Amino acid sequence: MTTQFPSDFLWGTATASYQIEGAVTEDGRKPSIWDTFSHTPGKTHNGDTGDVADDHYHRWHDDIALMHSLGLQAYRFSIAWPRILPDGTGAINARGLDFYDRLVDGLLAAGIRPFATLYHWDLPQTLQDAGGWANRATMDAFVHYADIVARRLGDRVHDWITHNEPWCISFLSHMLGHHAPGATDAALAFQVAHHVLTSHGLAVPVIRAAAPGAQVGITLNLFASRPESDSEADAAAARRHDGYLNRWFLDPVFGRGYPNDILDLIGPLAPTMEPGDLQAAGVPTDFLGINYYNPTYVRASDSAQGLFKTSELTPQDYQARGFQLTEMGWPIDPTGLRDVLLRVHLAYGPRAIYITENGIATPDTVVSGRVDDPGRIAYIDGHLRATADAMRLGVPVRGYFLWSLMDNFEWAWGYSKRFGAVYVDYATQQRIAKASAHWYKGVITANSLD
Ligand code: FCB
């Protein structure tokens with residue numbers, strides 16, 4: 001059955017600065033927490049770093065031409081804070097701003113609408129040395145940085161995302177320790193989450209003032225939290241999981257403060273707040289960005305993830321239940337995206353939604369100059385149909401950004417996971433559009449799926 005999208009539906013791809021740019025010491029950039037983390041032995045697969053990545057800092061012009069040739073209408077990229085303010089605060093580095101200025105002009109000349117994310121995890125190391133996101137001063141620094149960037153680009157960039165995935169910034173990076181700065185302290189993670197959410201809210205009016213007419217939102221990674229059985233214990237585990245992964249972020253962003261069930265659960269680990277913080281975090285926004293990759297089935301457990309007493313099924317469990325897995329070991333289930341979209345729409349009612357990331361790592365190889373990635377085509381196809389299902393039920397999804405434009409530095413997984421629609425040969429920096437990129441172009445052109 002043909003699935004038609006509205007004529008103004010926006011088709012794009014997404015990237016993030018540290019994952020693609022390289023040139024980490026060029027033009028005045030100083031280290032971010034990801035430079036430090038990736039250079040620390042044992043933190044990333046194979047010791048991989050973003051030193052060179054896709055060398056996009058030098059190849060941006062060709063990369064825009066590539067996007068244009070693929071029919072892309074929008075591009076979500078992130079700005080590297082340590083290029084703009086190498087120490088996080090203080091002196092502005094003009095050459096850093098100039099880079100994004102050129103990039104934006106190049107995108108517009110190619111007819112591609114820029115969506116700028118201000119924070120996609122590359123915190124200036126100097127700020128980390130002063131306590132990072134646990135320090136309230138980092139919130140002020142972020143708002144100042146947002147103001148500088150919006151003043152420079154706001155005449156041409158109309159779509160702004162404050163933060164990418166606050167759950168990853170806080171829990172994945174400060175409680176589970178998998179991402180920079182690699183801390184393992186639950187109380188710290190809650191404090192970080194609070195400052196990230198508050199800084200989002202403080203930045204929104206500043207961006208609007210600097211960039212008249214701007215549409216401003218935040219991107220959350222949301223999970224379809226499902227119980228693995230019908231038992232009451234597993235249902236309660238799924239509610240706790242949903243509470244700390246989804247509601248802990250959705251509730252304050254939509255002006256409701258933190259969810260009581262999770263506050264009860266964490267007791268003294270709750271963040272320290274100041275008057276006005278929650279009001280700031282709940283500032284009305286123009287859209288919500290949603291990143292979705294997979295559903296999560298959980299069961300009650302006394303030991304695992306101690307605090308939340310839940311454990312997630314393992315990749316083997318998922319396989320035994322008939323799920324196909326991605327190269328990341330994540331189960332594939334587009335109904336999870338439909339459920340997340342519907343739930344957010346019904347429970348929170350954002351004015352508009354963009355799917356700011358969705359995609360899959362597949363085992364791509366070059367054969368006779370071509371890269372066939374049927375798994376990626378099937379994944380995108382399924383998730384677009386799920387999106388259309390949600391839209392038919394009234395969910396205001398305005399656009400879809402495939403993660404990612406091209407293979408890149410997949411954080412702790414280094415270069416071992418390929419998410420791109422475009423293949424990157426890291427030895428030569430050659431780009432090869434995969435079969436999925438050609439297929440996606442067809443979808444964009446038709447504005448429909450057959
Ligand atoms: C998301 C990140 C993005 C990328 C994808 C696979 O959590 O926002 O940078 O790593 O996962």
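# Exercises on helix packing and chain layout

Of the 450 residues in the protein chain of this predicted model, 62% count as buried.

## Exercise 1. The chain as a whole

Task: Find what the radius of gyration of the protein chain says when set against that of a compact globule.

Solution. 
- Step 1. The secondary structure to keep in mind comes to 16 helices and 15 strands.
- Step 2. Along the principal axes, the C-alpha atoms fill a box of roughly 55 × 55 × 45 Å.
- Step 3. A compact globule with 450 residues would have a radius of gyration near 22 Å; the value for the protein chain is 21 Å, so the two agree.
- Step 4. Turn to contacts between residues at least 6 apart in sequence: 76% of them join residues at least 24 apart.

## Exercise 2. Helices H8 and H10

Task: Work out how H8 is oriented to H10, and which residues of the two helices meet.

Solution. 
- Step 1. Locate the helices: H8 covers residues 166–174 and H10 covers residues 232–253.
- Step 2. Their packing angle is about 135°, and the axes are 10 Å apart. An angle over 145 degrees would count as roughly antiparallel, and 65 to 115 as roughly perpendicular. H8 is therefore oblique to H10.
- Step 3. The crossing in which H8 passes H10 is right-handed.
- Step 4. From H8, the residues in contact are Pro 166, Trp 167, Ser 170 and Phe 171; from H10, they are Tyr 244, Leu 245, Trp 248 and Phe 249.
- Step 5. Sorted by class, this contact has seven nonpolar residues, one polar residue and no charged residues.

## Exercise 3. Helices H10 and H14

Task: Work out how H10 is oriented to H14, and give the classes of the residues in their contact.

Solution. 
- Step 1. H10 and H14 pack at about 45°, with 12 Å between their axes. H10 is therefore oblique to H14.
- Step 2. The two helices cross in a right-handed sense.
- Step 3. H10 contributes Asp 242, Asn 246, Arg 247, Leu 250 and Asp 251, while H14 contributes Arg 343, Val 344 and Tyr 348.
- Step 4. By class, the H10 contact with H14 has four charged, three nonpolar and one polar residue.

## Exercise 4. Helices H14 and H15

Task: Find how H14 and H15 are oriented to each other, and list the residues that meet.

Solution. 
- Step 1. H14 spans residues 335–348 and H15 spans residues 374–392.
- Step 2. The angle between them is about 30°, and their axes are 8 Å apart. Angles under 35 degrees count as roughly parallel, so H14 and H15 are roughly parallel to each other.
- Step 3. H14 passes H15 in a right-handed crossing.
- Step 4. Leu 337, Arg 338 and Leu 341 of H14 meet His 383, Ala 386, Thr 387, Asp 389 and Ala 390 of H15.
- Step 5. The classes in this contact are four nonpolar, two polar and two charged residues.

## Exercise 5. Asn 135

Task: Decide why Asn 135 counts as partly exposed, and describe its surroundings.

Solution. 
- Step 1. Asn 135 is in the loop that joins helix H6 (125–129) to helix H7 (136–153).
- Step 2. Buried requires under 20% relative accessible area, and exposed requires over 50%. Asn 135 has 27% relative accessibility and therefore counts as partly exposed.
- Step 3. Neighbours within four places in sequence are left aside; Asn 135 is then in contact with Ala 130 and His 195.
- Step 4. Val 192 is 57 residues away from Asn 135 along the chain, yet their C-alpha atoms are separated by 8.1 Å.

Terms used: Residues numbered from 1 in each chain as written. Predicted model: local features only at pLDDT ≥ 70, side-chain atom pairs only at ≥ 80, totals over all residues. Heavy atoms only, no water. Axes fitted to C-alpha atoms, helices over the stretch in contact; angles between N-to-C directions. Helix = DSSP H or I, 4+ residues; strand = E, 2+ residues; numbered from the N terminus. Left-handed = near helix turned anticlockwise from the far one by under 90°. Contact = heavy atoms within 4.5 Å. Nonpolar A, V, L, I, M, F, W, Y, C, P; charged D, E, K, R; others polar. Rg over C-alpha atoms; globule rule 2.2 N^0.38 Å. Buried < 20%, exposed > 50% of the residue type's maximum accessible area, 1.4 Å probe, protein only.
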